[in-house]
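Please read the following note beside the sequence and the coordinates.

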Amino acid sequence: MPRIIYITHDEQRFEIEAANGATVMETAVRAAVPGIEAECGGACSCATCHVHVDPAFAEIVGEAGPMEADMLDFAWEPGPTSRLSCQLKVSDELDGLVVRIPERQG
């Protein structure tokens with residue numbers, strides 16, 4: 001199983017085994033990782049699951065699509081590797097993915 005590493009704004013680290021096909025958001029919610037609010041439940045209609053993808057994985061996860069990019073306008077301090085974790089599908093290729101959770105969500 002791929003492992004996703006979540007780092008909170010205060011440097012707490014959570015390394016979670018994730019099921020292929022799940023999203024990075026679903027995995028965080030199931031494991032009660034703090035900071036991922038996921039108010040819309042993964043429908044890409046809010047920005048409460050915003051994360052900063054580690055630059056080493058930015059190319060692998062790719063850029064946000066148009067709908068996600070629109071939602072990122074509402075994210076707290078978006079950056080060049082910002083993504084909504086509900087839009088990141090877990091695969092073996094993402095094993096070791098590191099995402100940083102901002103201090104607050106949009």
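Helices (H or I, at least four residues) and strands (E, at least two) are DSSP runs, numbered from the N terminus. The model is a predicted one, in which local features need pLDDT of at least 70 and side-chain atom pairs count only at pLDDT 80 or more, while totals for chains, interfaces and linings use all residues. Residues are numbered from 1 along each chain as its sequence is written, and side-chain values use heavy atoms, with hydrogens and water left out.

1. Overall fold. The protein chain holds 3 helices and 5 strands, and from the N terminus on these elements follow the order β-β-α-β-α-α-β-β. The radius of gyration (taken over C-alpha atoms) is 12 Å, close to the 13 Å that the globule rule (2.2 Å times the number of residues to the power 0.38) gives for 106 residues, so the chain is as compact as a globular protein of that length. Along the principal axes, the C-alpha atoms fill a box of roughly 30 × 25 × 25 Å.

2. Of the 106 residues, 42% count as buried, where buried means under 20% relative accessible area, exposed over 50%, and partly exposed in between (1.4 Å probe, protein chains only). The accessible surface, from the Shrake-Rupley method with a 1.4 Å probe and, for residues, with only the protein chains shown as cover, comes to about 5,600 Å², and 50% of this belongs to carbon and sulfur atoms. Among contacts (heavy atoms within 4.5 Å) between residues at least 6 apart in sequence, 67% join residues at least 24 apart.

3. Strand 1 and its partners. Strand 1 (residues 3-7) is mostly covered, with 4 of its 5 residues buried. Two strands are said to pair if DSSP finds at least two bridges between them; strand 1 pairs with strand 2 (residues 13-17) in the antiparallel sense over 5 bridges, and with strand 5 (residues 97-100) in the parallel sense over 4 bridges. Within these pairings, Ile-5 stands opposite Glu-15 in strand 2, whereas Ile-4 has Leu-97 in strand 5 as its bridge partner. The hairpin of strand 1 and strand 2 has 5 residues between the strands, and Glu-11 takes a positive phi near 70° there.

4. Most residues other than glycine have a negative phi, and most peptide bonds are trans.

5. The surroundings of Cys-46. Which residues does Cys-46 touch, not counting those up to four places away in sequence? They are Glu-39, Cys-40, Met-71 and Leu-84. Cys-46 belongs to the loop between helix 1 and strand 3, and with a relative accessible area of 15% Cys-46 is buried. Trp-76 is 30 residues from Cys-46 along the chain, and their C-alpha atoms are separated by 12 Å.
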